[in-house]
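I wanted to get to know a structure I had never opened before. These are my notes, in the order I looked things up.

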Amino acid sequence: YGLHVFDADQGLHAVCCISGWDGSDRHQELLQHIVIAFAMALNNREAHETIEQLGRMDMNTGLWNRNAYLSFAAAYRPVAGQAVTCVYADVNGLHEMNNRLGHEAGDRMLQTVAACLHDAFPQGCNYRLGGDEFLSIVFGQDLEWTEAQVRHIQAELTKQAYSVSFGIVRDDQGTELDTIVEQADQHMLTAKRHYYETIGDRRQH
């Protein structure tokens, strides 16, 4: 005699059986209690995994969040000869967008940037680190390919009157990930300063 165990989505996970069942109600009731307990434990585990995953996801963009990045960085072990490229992105004008058109418009801009990063680097690790900052970590690609992907992102965002400053660093010497990310961040800050200097020059003319 056996009973099926289903999860919350009605997926079959197990079959609980009693060998030597004598047909008594006592055995049937015992098996039903076992199935209920097993199903509850299964659903609790799935709920815990869902909560844990949500805690590592940015709910506005669908990318991984800073917590997820910190977990990845703590577990990452650099290997000499393995190419890793960090693309650090910072959205230009988010604060102004929020003030001028409201936070919904700012959220749409962030969601658009996130979608572009995910489309450009679908095999990479894409994070929203917070506010207007994003990070993509790409493995096994050369610098020219990554730069071409970034140019494509910038072109797509320009069509929607959005702007993002990027910093790109590639390493295959086994450098610590935090160091590569910091270098990419510094490149991004240089690009961002240039962007605002250019905008300032345009406003003066």
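Predicted model: local features only at pLDDT ≥ 70, side-chain atom pairs only at ≥ 80, totals over all residues.

Entry 1: I began with strand 4, residues 125–130, and found it mostly covered, with five of its six residues buried. Its partner is strand 5, residues 133–139; the two run antiparallel and share five bridges. I looked up who faces Cys 125 across the pairing, and Ile 137 in strand 5 stands opposite. Two residues sit between the two strands of this hairpin. Gly 131 is in the turn, and I noted its positive phi of about 55°.

**Entry 2: helix 4.** I checked the length of helix 4, residues 103–120. Next I listed its buried residues, among them Ala 105, Met 109, Val 113, Cys 116 and Ala 120. I recalled that an α-helix has 3.6 residues a turn, so residues three or four places apart point the same way. What do the buried residues of helix 4 pack against? I found strand 3 (84–92), helix 3 (94–101), strand 4, strand 5, helix 5 (143–159) and strand 6 (163–171).

**Entry 3: the cysteines.** How many disulfides does the structure hold? The count came back as zero. I followed up on Cys 86, which is in no disulfide; the nearest cysteine sulfur belongs to Cys 125 and is 9.8 Å away. Seen from Cys 125, the closest cysteine sulfur is that of Cys 86, and 9.8 Å is too far for a bond, since the cut-off for a disulfide is 2.5 Å. Buried or exposed, I wondered about Cys 86? Cys 86 is buried, with a relative accessible area of 0%. Cys 125 is buried as well, at 18%, because the limit for that word is under 20%.

**Entry 4: the rings.** I got seven aromatic pairs for the structure. Ring pairs join Tyr 69, Phe 72, Tyr 76, Tyr 127 and Phe 139 into a cluster. I also came across Arg 56, which lies over the face of Trp 64, 5.0 Å from the ring centre.

**Entry 5: a loop residue.** Last, I stopped at Ala 161, in the loop between helix 5 and strand 6. Its phi is near 65°, a positive value in a residue other than glycine. I jotted down that most residues other than glycine have a negative phi. Ala 161 is exposed, with a relative accessible area of 70%.

Technical notes. Residues numbered from 1 in each chain as written. Heavy atoms only, no water. Buried < 20%, exposed > 50% of the residue type's maximum accessible area, 1.4 Å probe, protein only. Helix = DSSP H or I, 4+ residues; strand = E, 2+ residues; numbered from the N terminus. Pairing = 2+ DSSP bridges. Contact = heavy atoms within 4.5 Å. Phe/Tyr/Trp six-rings, centres within 6.5 Å; stacked < 30°, edge-to-face > 60°. Lys NZ or Arg CZ within 6 Å of the ring centre and 35° of its normal.
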